Amino acid sequence: MRLSKIEVVKGVRLPRLTGMFRLLVPASFFFVIAVLHASPVGRSLVRIEATSQEPNYRTPWNPGEVSGGVGAGFVISGNRIMTNAHVVSNVRFLTVSKEGNPKPFPARVLHIGHDCDLALLTVDEPGFFSGMSALDFGGIPEIESTVSVYGYPIGGSKLSVTRGIVSRIDFQPYSHSGMDSHLTIQIDAAINPGNSGGPVLQDGRVVGVAFQGYSGDVAQNVGYMIPTPVVRRFLKDVEDGHYDRYVDLAVSYDSLFNPAARKALGLKDDGEGVIVGSVYGGGSSEGIVKPGDVLLKIDGLPISSDGSIEMDGKSVQLAEVVERKFKGDRVELDTLRDGQPVKLIVPLNQPWPFTLHSNAYNEKPRFVVFGGLVFQPVDQNFMSAFEPADLRLRYTFDFFVDDRIYVERPEIVVLSGILADPINAHAGDFRYGIVEEINGSKIRKLDDVAAAFAKPVDYHVIRIVGNGRPIVLERRAVEEARGRILSRYGVTMEQNLEK
Amino acid sequence: MIARVLFLGLILGSGVAFGGTTPVPRKEAVPAARTGSESVLRVNSTNQAYDFFRPWTKKLPYSRRGLGVLIEGGRILVTAELVGNRTYVELEKATTAEKCAAVVERVDYDSNLAILKPAEAGFVKGMKPLALDSGVRVGDPATVLQLEPNGEVAETTGSVTSIAIGGYPMDGLGLLVFRLSAPLQQRDGSFTLPAVRAGRLLGLLMRYDARSQTADLIPPPVIRHFLEENAKETYGGFGRMGVGFTATRDPQLRRYVNLTQPGGVYVTEILRGGSAEEAGLAVGDVILAVDGHNIDQDGNYEDAEFGRISFSHLTNTVAHPGDTLTLKVFRGGAVFDLPVKLQGRDRSKILSASYVMDEQPKYVILGGLVFLELSRPFLQEWGSDWTKNAPQRLVYYDAFQNEISPDRGKVVFLSQVLPSQDTLGYESLENLIVTKVNGMEIKSLADLSEASKHPVDGFQKIEFDEDPRSIFLDAGSVEENRSKLQSEYALPSLEHL
């Protein structure tokens, strides 16, 4: 599925993201904003203040910049607080305070799901949860029905509530990870930085968790919440004490509207079936589903030619069946292969090559510094930090999954920077070059770089993809320069191979 | 290198202020020193390019005006860019404004040169041809000629600030460039201007940067090569070695490869099917000398006329296609002589051509699906930021074409869909590379056209190398709807091969 060109801006943490919400359009506050000290919801709400530390991929040896943010959360069963993953990502210190009581309580993260932007917190201090009431979850609200959003958005420091109606129920990208799409409910109540993690209520039950919106100059009165099927899945996934992430069929499919195509594939003119385009390597369907297969039913539910199915009385994308499943579960596909009906069983897992394109959190950047040359594996965090224009690097990154580059190269290791010194004075042309080989060893991942440089050689020889000239560093010169480079550039560690 | 500021942007339209300033007072040269109106002609060219998105249509015509120089044989020399994609070229006398249509005798986009001839032989009678200059050195004065509206020659004198190899506009071929520092004024008709020195032609101005007031000239050696080739029975153009190289300044690299000889350049890339590949040159070789001229560690040799310049001048300009050059090569500790027979570039074998001029791009329209062959002008339709904005897979094919097997053929792709009954459900498909049609492999649009004549079981099956992998058309219906499609979208033809 291709993402729309409009970028969803995270509607989230107060100080950090205000820049993205360039202006607060008064018109987006159509709905009543009221401060509710005494409302029953007030006994479930918490204000979350998070201090986080985000690593800088350009100086990966540094611990990173510390910043603070504000979000909302609400108490659910089991003395747990639910919020968005992006409110508590990369967090170093976390406090929560009850509505109407400014006293902060230190809190900790129990579980975090970056792919669904949900997290669970708890407070260890005895007595925190006394007097708090846990909220219950409802179902998917009807289109046009009214919902209320609670949180601590910009515009003041106290609780705010905005009200809106359910505008749309659809699959949408989740901007926190940048590559996951799940069921999402669009509402026309304003969702602004600080609303994140707050409950969206209807008839006293939680029907969603506010999480993202558009900045004012892109669209107005468009806010998104995570609906309860996604929330329930997250809660079920962590029941075993561990979050396993979403599973995926890892196939792409296209609609089948064209009459000639339907005829050629031996399909009736009944508006059913989609055709499989790609079966992604390393994914659940590899070796089971084939490109060109026509998917007719998923777990017995008929698939329309636009890829939608009917589930709980609502029309949703066929992926919704898989969305509600867990690692190790199976999905049954009724297909037509070369005109013959075939039943396929797909055991579900997570396709790892895709994670390259996902924003990563709570990870330390990995790198190796050698002779003033900085080597790093490329992932989405790296690309966001450097925004390299180098065509070969962009190709290798963009088509990592499609062109099965991961088979030869599980990690794309590049020469990301040069800490200038006489010994590397002639390496400047190689910046952003993908490392092919070091000292005769193929480089398939960052660990290979560290291992290759450990070889006893007189000349360290680094070969870059697409460049016939090697980078040559004399061993003795590298040793001499080592202390000098580290102290001159304030490099506190020469390598980090752990996430 | 200065930014490629073409005269196109600066000087077309006489109302545009030059560099944002008001004209400075004229410094008139002494009238007696003029090389002048008896050797230059206004050249007005109306040009019209094809729309690479819709290759059955042409874009708006535009005109370029420049000054041509009369050379021997009653011919006029101009830049190729002036007359690129021409529809009508006309010569105009400076003072009398007498006009005459021109015929293009030869145009070479690699060297950015073209020869025109007046349609009426007597048109240039009484005019004085200019001979080519030689022996210019850095620091020498040079004069750029422009015309006042009244036909008087306006001279601007500057000086030659560098003589070096530079990339030429159309194909990036590295040929000699004279750089001039000269404060040129905004004047009408300055797309191509001659520069002279002591009554001889020093070169044609092909680009000018108004901010730094530097002008790049196509110098006499390049012009001479072009004229010599033009005089031959078969025009061979400019040859090229087809090698990418880098300096050997890095002492660690020199010690690693045991290079004890002074100088030399390290070969980093060999063009597929190029002269160097045919001769057996390999990546990792070090070129020490070309035809007896020793090469320093940056690739320069001592030229008798111009001093230290890149050895590319020897291979691309001094030598002609068909000539054999002798390289002194260092490989694995040994030094040997390697003869290289120089070839021109066979443009028909290029996977994605850097320019397509004077010809209609090929296309095939099948039931509303528009198929094209990849070329850089197509990608450039996305604007100056095309490497970012154009379809990425096509950009990569263009960028890394030298790494793709020559057997790959051309890259044929579905560029867009003209929606019709037959393409129902395919409306949003665009820029998908075609691998097969009706089971036949597609290496050119001609292949595609041929394959479409052999539908299988009544269907046209088109396969792509990415999603949606394959689509079908009803062959009978496509055939039936041909004229309807053609008239509804006003297509002059459903294919151009």
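Helices (H or I, at least four residues) and strands (E, at least two) are DSSP runs, numbered from the N terminus. By that rule, Q460(B) is found in strand 26 (residues 459-464) of chain B. This is a predicted model: local features need pLDDT of at least 70, side-chain atom pairs count only at pLDDT 80 or more, and totals for chains, interfaces and linings use all residues. Residues are numbered from 1 along each chain as its sequence is written, chains are lettered from A and ligands numbered from 1 in the order in which they are written, and side-chain values use heavy atoms, with hydrogens and water left out.

**Around Q460(B)**

- Q460(B) is buried, with a relative accessible area of 4%. Buried means under 20% relative accessible area, exposed over 50%, partly exposed in between (1.4 Å probe, protein chains only).
- The side chain of Q460(B) reaches the backbone oxygen of S452(B) at 2.8 Å.
- Beyond four places in sequence, Q460(B) is in contact (heavy atoms within 4.5 Å) with residues including L366(B), V437(B), I471(B) and F472(B).

**Interface of chain A and chain B**

- Chain A brings 36 residues to the contact and chain B brings 33 residues.
- The two chains bury about 3,100 Å² between them, with 55% of it on carbon and sulfur atoms. Buried area is the accessible area (1.4 Å probe) that two parts lose on being put together, summed over both.
- In chain A, N258(A), L391(A) and R469(A) lose the most area to chain B, together 17% of what that side buries.
- Between chain A and chain B there are 4 salt bridges. A salt bridge is a side-chain nitrogen of Lys or Arg within 4 Å of a carboxyl oxygen of Asp or Glu.
- R255(B) and E474(A) meet in a salt bridge through their side chains (2.5 Å, N to O).

**R394(A) in helix 6**

- R394(A) sits in helix 6 of chain A. R394(A) is buried, at 9% relative accessible area.
- The side chain of R394(A) makes a polar contact with the side chain of Q392(B) (2.7 Å).
- Beyond four places in sequence, R394(A) is in contact with residues of both chains, among them M383(A), P388(A), T387(B) and Y396(B).

**Buried elements and cores**

- Helix 2 (residues 228-237) of chain A has 8 of its 10 residues buried, so it is largely enclosed by the rest of the structure. Among them are T228(A), R233(A), F234(A) and D237(A).
- Helix 8 (residues 446-453) of chain A is mostly covered, with 6 of its 8 residues buried.
- The largest nonpolar core has 69 residues. Such a core is a set of buried Ala, Val, Leu, Ile, Met, Phe, Trp, Tyr and Cys residues joined through side-chain atoms within 4.5 Å.
- Those with the most contacts inside the largest core are M82(A), L118(A), I187(A), F234(A), L249(A) and I298(A).
- A second, separate core of 65 residues includes L173(B), I270(B), A276(B) and I309(B).
- V43(B), in strand 1 (residues 40-47) of chain B, is buried at 0% relative accessible area.

**Salt bridges over all chains**

- The structure holds 54 salt bridges over all chains.
- E320(A) pairs with R324(A), the closest N and O atoms being 2.8 Å apart. E320(A) is buried at 2% relative accessibility, whereas R324(A) is partly exposed at 27%.
- D421(A) forms a salt bridge with R484(A), closest N and O atoms 2.8 Å apart. D421(A) lies in the loop between strand 24 (413-418) and strand 25 (435-438) of chain A and R484(A) in helix 9 (residues 475-488), so the pair ties together parts that are 63 residues apart in sequence.
- R42(B), R65(B), E90(B), E92(B) and K99(B) are linked in a network of salt bridges.

Conventions. A polar contact is a pair of N or O atoms within 3.5 Å; within protein, one must be able to donate a hydrogen and the other to accept it, and residues adjacent in sequence count only if both atoms are side-chain atoms.
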